[in-house]
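Here are a few friendly notes to read alongside the coordinates. Could you keep the viewer open while going through them?

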Amino acid sequence: MAIKKSSNKLSQAALVKHIMKRCSSLGKKQHQHYDDVPKGHFAVYVGENRSRYVIPISFLSRPEFQCLLRQAEEEFGFDHDMGLTIPCEEQVFESLTSFLRF
């Protein structure tokens, strides 16, 4: 069982590393202005309207947020130029992120 946990942590770490690499290269590819994203944060797009949210990088280590990342990977993949898109309703995302801030 310890091997499975270690493997799971390794895959989560690889996922987070991949996401951060993609997020850091998006601005270069799209030439968009990301000056409003403070250090230690990143932008995601949520909901049907693709509303933009700037959230702390620390959320990436939270299991609740990792679940959203897995859903995003399954639905959209990470190899596109749209930015990190989270597949959930804005109200749900806002509730989750307000919970994660504590």
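Is phenylalanine 59 buried or exposed? Phenylalanine 59 is buried, its relative accessible area being 2% (buried is under 20%, exposed over 50%, partly exposed in between, with a 1.4 Å probe and protein chains only).

A word on the ground rules: this is a predicted model, where local features need pLDDT of at least 70, side-chain atom pairs count only at pLDDT 80 or more, and totals for chains, interfaces and linings use all residues. Residues are numbered from 1 along each chain as its sequence is written, and side-chain values use heavy atoms, leaving out hydrogens and water.

1. Aromatic pairs. The structure holds four of these (ring centres of Phe, Tyr or the six-membered ring of Trp within 6.5 Å; planes under 30 degrees apart are stacked, over 60 edge-to-face, the rest tilted). One of them joins phenylalanine 42 and phenylalanine 65 edge-to-face, at 6.4 Å centre to centre and 80 degrees between the planes. Because phenylalanine 42 sits in strand S1 (residues 41-46) and phenylalanine 65 in helix H2 (residues 63-75), this pair ties together parts 23 residues apart in sequence. Helices (H or I, at least four residues) and strands (E, at least two) are DSSP runs, numbered from the N terminus.

2. The aromatic cluster. Phenylalanine 59 and phenylalanine 65 have ring centres 6.2 Å apart and planes at 55 degrees, so that pair is tilted. Phenylalanine 65 is buried, with a relative accessible area of 0%. Phe42, Tyr53, Phe59, Phe65 and Phe93 make up one aromatic cluster.

3. Threonine 97. This residue belongs to helix H3 (residues 90-100) and is buried at 6% relative accessible area. A polar atom of its side chain lies 3.1 Å from the backbone oxygen of glutamate 94. Leaving aside residues up to four places away in sequence, threonine 97 touches Ile55 and Phe59 (contact means heavy atoms within 4.5 Å).

4. Helix on helix. The axes of H2 and H3 come within 10 Å and cross at roughly 145 degrees (axes are lines fitted to C-alpha atoms, for helices over the stretch in contact, with angles from 0 to 180 degrees between N-to-C directions). Glu64, Phe65 and Leu68 of H2 meet Phe93, Leu96, Phe99 and Leu100 of H3.

5. The sheet. Three strands form an open sheet in the order S2-S1-S3, with mixed pairing (two strands pair if DSSP finds at least two bridges between them). S1 and S2 run antiparallel and are joined by six bridges. H3 packs on the sheet, touching S1, S2 and S3, and its direction makes about 15 degrees with that of S2.

How values were computed
A polar contact is a pair of N or O atoms within 3.5 Å; within protein, one must be able to donate a hydrogen and the other to accept it, and residues adjacent in sequence count only if both atoms are side-chain atoms.
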